[in-house]
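Good morning, colleagues. Please look at the sequence and the model as I describe the fold and its nonpolar cores.

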Amino acid sequence: MPFKLTSADHTLSFELHTGAPLIVGRAPTCDIPIIDPTISRRHAEVRCDDAGVHVRDLGSSNGTFLNGQKVSEGAVSVGDRVTFGKVEFTLDEAAAPKPAPAPEAAVDHTPPPGATIVRQLPVSGKTPSTSAPGVPVAPIDKSQAKLATLLEVSKGLGRAVDTDAILDQIVQYAYQILDVDRVAILLLDDAGDLQPKISRDKRGADAPRMVPQSIARAAVADKVAILSDNAGEDTRFGGQSVVLQQVRSAICSPLIGSEDRVLGVLYVDNVSTTHRFTDDDLDFVVAFSGIAAVAIENSQFAERIRRETLARSNFERYFTPHLAQRIATSAEATRLGGDKRKIAVLFSDVRGFTALSETMNPDDMARLLSEYFTEMVDCVFRHEGTLDKFIGDAVMAQWGAPLGDPLDPDKAVRAALDMIHELDKLNARWEAEGRPQLQIGIGLNYGDAFAGNIGSEKRLEFTVIGDTVNTASRLCSVAGPREILISESLRAALSDKPPLEERPPMELKGKSQPVPVFRLTV
């Protein structure tokens, strides 16, 4: 009579074979591997013969117990409780495995010597039917139930857009139709490695056991759905993880999206008995995987669109619409982590703003500044610059981050000239309206700076910092009305040098030596 040991929570089950003793222990090479800290590496041995089942402790640290009593050796009857350390099992009768149906003459399903794969089914991006040529058709009621489930799956997954919600629904649907102990989904990352996304047991709890990589990699590499009726004895899957996870029967199907691209795998297994799954189960999993892959891919597309839309809406606050589009669609550009870049920095500041603000009411001042800032930002954007920030009545802009161009210094100079000319036009209009006029000074510098997200966890701001930025600010502070001062480094980087007037080297705050300065002719 065949026997089996079943754990108290029914998540582990081991068949006992007549013959040599079976070693129970924590080591993955044991005949009955049990991964638990209370189990010794070689904890006990179980022997099954014509006289029945016998258990013998092998000097374990936490002991072996029979119906609650610690024993060194004893006979076990059906229904008895055997506890290794703190892991309890019950001895049950095991049903003899059903013989596999003989293959039809037209189709050769005979596995090669030593292998126990029942079937490998090629998978394409198209959702297959639930029955295949040469495979016996399941009873009508079971086929109808599976077709109804597939229809429900298609409807349910079509309504979900969040990837995590879709994965959770896939697991729930799998348990509705398949007699499995665990369902797991792994998705390929950008590096082409399979990453576990969800793994649940039949109770709905997270199942921390890893999916045997030898099975999953074979399904991905060959784009085939695999049914193995005795994975532990299958010579094609020689990895220790198959033994370690106590896998008996398993089905693994690749998730294939559009353009025949593998997204990951859907994996189901049984740790209780061998020969649990049939060809009909394999066909259903393949059809199920096809629908699941479409839902996952659509969800990934939707999430990508949402990210790009959000990124673009945020970027357009600081960048030109054209540059924002490039940033939102460029994987490299959206990597806004800090790095060192060559940038051109512009500061412009209103001269005499404090005295002017004391003579105006707040509403008039706000209106004046709004009109002024609107024109200044348009000048920056017109020359493909980035608005870094407003600092009171000052404008800070930069060229070179997150996307740079060899002509960034030239663009910064043209933007500065444009700002002076546009302010002249504003002043003419304001004078005609009897309103106050503004004058600005501008400082420009070019060099290395840190560019990245600066701030706290609650509020981040993309900006540039460093000595290059500080020097541009110092030049702005000493520039007179309608005056544009540029550094030697920016002058040297210009490809098209405008008329420049060399000024005496200036003493700038934070600089130990006088700084060469040039005045741009307006």
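Throughout this talk, contact means heavy atoms within 4.5 Å. With that in hand, consider Leu-444: leaving aside neighbours within four places in sequence, Leu-444 is in contact with residues including Val-345, Ala-412, Val-413, Ala-416, Ile-484 and Leu-490.

Two remarks on conventions. This is a predicted model, in which local features need pLDDT of at least 70 and side-chain atom pairs count only at pLDDT 80 or more, whereas totals for chains, interfaces and linings use all residues. Residues are numbered from 1 along each chain as its sequence is written, and side-chain values use heavy atoms, with hydrogens and water left out.

The protein chain contains eleven helices and 25 strands, taken as DSSP runs (helices H or I, at least four residues; strands E, at least two) and numbered from the N terminus. Of its 522 residues, 48% are buried, that is, under 20% relative accessible area with a 1.4 Å probe, protein chains only. Among contacts with a separation of 6 or more, 61% join residues 24 or more positions apart.

I turn to the cores. A nonpolar core is a set of buried Ala, Val, Leu, Ile, Met, Phe, Trp, Tyr and Cys residues joined through side-chain atoms within 4.5 Å. The largest has 40 residues, and Leu-444 is listed with Tyr-372, Ile-442 and Ile-484 as having the most contacts inside it. Elements that each supply at least two residues of this core include α8 (362–382), α9 and β21 (440–455). A second, separate core of 29 residues includes Val-183 and Phe-277.

Finally, Asp-418 lies in helix α9 (residues 408–432). Asp-418 is buried, at a relative accessible area of 15%, and, beyond residues up to four places away in sequence, touches Cys-379, Arg-382 and His-383.

Conventions
Buried means under 20% relative accessible area, exposed over 50%, partly exposed in between (1.4 Å probe, protein chains only).
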